[in-house]
Amino acid sequence: MTIHTAAGAVLTDLILETFRLNGRLLAAGDHLTNDLGLTSARWQVVGAIEEVPLPVAQIARNMGLTRQAVQRVANVLADEGLVRFEENPNHRRAQLVRLTAEGRDALAEVSRRQVEWSNRHAKNLSLEEIEEALQVLRTFRQGLEADVP
């Protein structure tokens, strides 16, 4: 039987806590966005194209999601008028997803709410704690990305 090292055991605890945190973050995101016609998943997609329109596959790669999951969300967003699909000059079949004016307005409002929410929750932590946690998670993610062929 293989046994965790001390660091491996604590890393496993960190991973499990991250899963629990992810669930709470999604629920909090849904609460922040529910009256705007968004969910956490929809918010992620509109946020991914805030600066520049992207094809669904690129949004999925950037977010670490499947293309099919992002396509489903993008289709719903398009049906609700928050995004539109347009021709991609770089690829005939991979349309670009672009925010509409309504999508921009919804994203601006949820972004405003998120700033207030983050500032409120940041009061429980020091800046140094937040920066250290960010660095740990970023380093771990980068290591995982390096493992993927």
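Q: What percentage of the 149 residues in the protein do buried residues make up?
A: The model is a predicted one, in which local features need pLDDT of at least 70 and side-chain atom pairs count only at pLDDT 80 or more, while totals for chains, interfaces and linings use all residues. Residues are numbered from 1 along each chain as its sequence is written, and side-chain values use heavy atoms, with hydrogens and water left out. A residue is called buried under 20% relative accessible area, exposed over 50% and partly exposed in between, with a 1.4 Å probe and protein chains only. By that definition, the buried share of the 149 residues is 24%.

Q: In what order do the elements of the protein run from the N terminus on?
A: Helices (H or I, at least four residues) and strands (E, at least two) are taken as DSSP runs and numbered from the N terminus. The protein has six helices and three strands, and its C-alpha atoms fill a box of roughly 50 × 40 × 25 Å along the principal axes. Read from the N terminus, the elements follow the order α-α-β-α-α-β-β-α-α.

Q: Which residue of β3 is the bridge partner of L54?
A: Strand β3 (residues 91-99) pairs with β1 in the antiparallel sense, over two bridges. P55 stands opposite L96 in β3, whereas the bridge partner of L54 in β3 is V97.

Q: How many bridges join β2 and β3?
A: β2 and β3 form a hairpin with two residues between them. Within this pairing, E86 has L96 of β3 as its bridge partner. The two strands pair in the antiparallel sense, and the number of bridges is five.

Q: What is the distance between the closest N and O atoms in the salt bridge of R98 with E86?
A: A salt bridge is counted when a side-chain nitrogen of Lys or Arg lies within 4 Å of a carboxyl oxygen of Asp or Glu, and by this rule the count comes to nine. E86 is buried at 19% relative accessible area, while R98 is partly exposed at 27%. E86 also forms a salt bridge with R84, with the closest N and O atoms 3.6 Å apart, and R84 is partly exposed at 40%. For R98 and E86, the closest N and O atoms are separated by 2.8 Å.

Q: About how far along helix α6 are R141 and E145 separated?
A: The side chains of R141 and E145 meet in a salt bridge, at 2.9 Å from N to O. R141 is partly exposed at 39% relative accessibility, and E145 is partly exposed as well, at 48%. Because the two residues lie four residues apart in helix α6, their separation is about one helical turn.

Q: What separates the C-alpha atoms of E145 and G64?
A: E145 is found in helix α6. Along the chain, E145 and G64 are 81 residues apart, and their C-alpha atoms are separated by 10.0 Å.

Q: Which residues gather in a patch of negative charge on the surface?
A: Patches are made of residues with over 30% relative accessible area and no salt bridge, with like charges joined within 9 Å and nonpolar side chains (Val, Leu, Ile, Met, Phe, Trp, Tyr) within 5 Å. Asp and Glu count as negative, and Lys and Arg as positive, with His and the chain ends not counted. One member, E131, has its place in helix α6 (residues 127-147) and is partly exposed at 46% relative accessible area. The patch of negative charge consists of E128, E129, E131 and E132.

Technical notes
Areas by Shrake-Rupley, 256 points an atom, 1.4 Å probe, with all protein chains shown as cover. Charge placed at Lys NZ, Arg CZ, Asp CG, Glu CD. Pairing = 2+ DSSP bridges.
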